[in-house]
Amino acid sequence: ITALDPDSGKTKRAIKTSAHAGTAFDGQHLFQIAEDTIQKIDPDSGRVLSTIPAPGGGVSGLAWAEGSLWVGEYRARKIHQVDPATGKVLRSIDSNRFVTGVTWVDGDLWHATWEGDESSLRQIDPATGDVLTQLDMPEGTGISGLESDGGDRLFCGGGKSGKIRVVRRPKRAAR
């Protein structure tokens with residue numbers, strides 16, 4: 001797991017551990033997808049404290065919100081809300097596109113998609129799964145992962161390009 005300075009792109013620190021997709025932080029611990037498990041990691045020592053099973057197959061993203069882990073399941077086109085202590089799936093949200101990353105920001109759930117040469121970022125209603133906002137990427141721009149800075153920037157993994165792209169999140173409509 002590598003921590004990057006979001007402004008310069010320089011490495012701030014790294015933790016040596018298995019890391020295949022999705023990282024989340026609950027304010028105290030890191031959670032990292034490692035094949036078919038989710039590891040709970042002490043960020044200071046890098047020690048794996050516990051593991052839970054990852055739901056389904058092809059897990060593709062991880063976020064922390066509302067006291068739960070939110071896990072993307074790529075090919076099943078789902079986002080699962082998961083109990084971080086047991087790995088029990090509390091509920092699932094269906095998507096009509098592959099889910100390649102998930103993040104929460106300002107109480108909003110976002111996920112990335114990538115199919116063929118098309119990728120998009122979608123803000124979805126966590127209760128219904130309805131797409132509230134969709135930002136389409138230029139053709140050929142794949143998004144392999146998604147994270148937020150807690151503000152107006154969404155960081156998008158670029159798959160085999162090795163690039164991280166920054167997308168400005170649109171202003172939230174009044175609720």
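Visitor: Let me start with arginine 153. Is arginine 153 buried or exposed?

Guide: Look at relative accessible area (1.4 Å probe, protein chains only): buried means under 20%, exposed over 50%, and partly exposed in between. Arginine 153 counts as buried because its relative accessibility is 17%. One caution about the source. This is a predicted model, where local features need pLDDT of at least 70 and side-chain atom pairs count only at pLDDT 80 or more, while totals for chains, interfaces and linings use all residues. Residues are numbered from 1 along each chain as its sequence is written, and side-chain values use heavy atoms, with hydrogens and water left out.

Visitor: Which residue forms a salt bridge with arginine 153, with closest N and O atoms 3.0 Å apart?

Guide: First the idea: a salt bridge is a side-chain nitrogen of Lys or Arg within 4 Å of a carboxyl oxygen of Asp or Glu. Here the partner is aspartate 7. The pair links distant parts of the chain, 146 residues apart. Arginine 153 sits in strand S16 (residues 153-157), and aspartate 7 in the loop between strand S1 (2-4) and strand S2 (11-14). A strand is a DSSP run of E, at least two residues, numbered from the N terminus.

Visitor: Is aspartate 7 buried or exposed?

Guide: Aspartate 7 counts as exposed, because its relative accessibility is 65%.

Visitor: What other salt bridge does arginine 153 form?

Guide: Arginine 153 also forms one with aspartate 149, where the closest N and O atoms are 2.7 Å apart. Aspartate 149 is partly exposed because its relative accessible area is 33%. So a network of salt bridges links Asp7, Asp149 and Arg153.

Visitor: How many salt bridges does the structure hold?

Guide: Seven. Another joins the side chains of arginine 77 and glutamate 115, at 3.4 Å from N to O. Arginine 77 lies in the loop between S8 and S9, and glutamate 115 in strand S12 (residues 108-115), so the pair ties together parts that are 38 residues apart in sequence. At 26% relative accessibility, arginine 77 counts as partly exposed.

Visitor: How do I read the strands around arginine 77?

Guide: Count bridges: two strands pair if DSSP finds at least two bridges between them. Strand S8 (residues 68-73) and S9 run antiparallel, joined by five bridges. Their hairpin has four residues between the strands, and arginine 77 belongs to it.

Visitor: How many residues of strand S9 are buried?

Guide: Four of the five residues in S9 (residues 78-82) are buried, and the strand is mostly covered.

Visitor: What does threonine 141 touch?

Guide: Contact means heavy atoms within 4.5 Å. Leaving out residues up to four places away in sequence, threonine 141 touches Asp117, Ser119 and Arg165. Threonine 141 lies in the loop between strand S14 (131-136) and strand S15 (145-148). Threonine 141 counts as buried because its relative accessibility is 11%.

Visitor: How much space lies in the largest pocket?

Guide: A pocket is an open set of points on a 1 Å grid over the protein atoms alone, where a 1.4 Å probe fits, with protein on both sides within 12 Å along at least five of seven lines. Points are joined across faces, edges and corners, and the volume is the space filled by probe spheres set on them. Here that space is about 1400 Å³.

Visitor: Which residues lie nearest the centre of the largest pocket?

Guide: Ile1, Thr2, Ala3, Thr23 and Glu147, out of 42 lining residues. Lining residues have an atom within 4 Å of a point. By class, the lining has 22 nonpolar, 15 polar and five charged residues. Nonpolar covers Ala, Val, Leu, Ile, Met, Phe, Trp, Tyr, Cys and Pro; charged covers Asp, Glu, Lys and Arg; the others, Gly among them, are polar.
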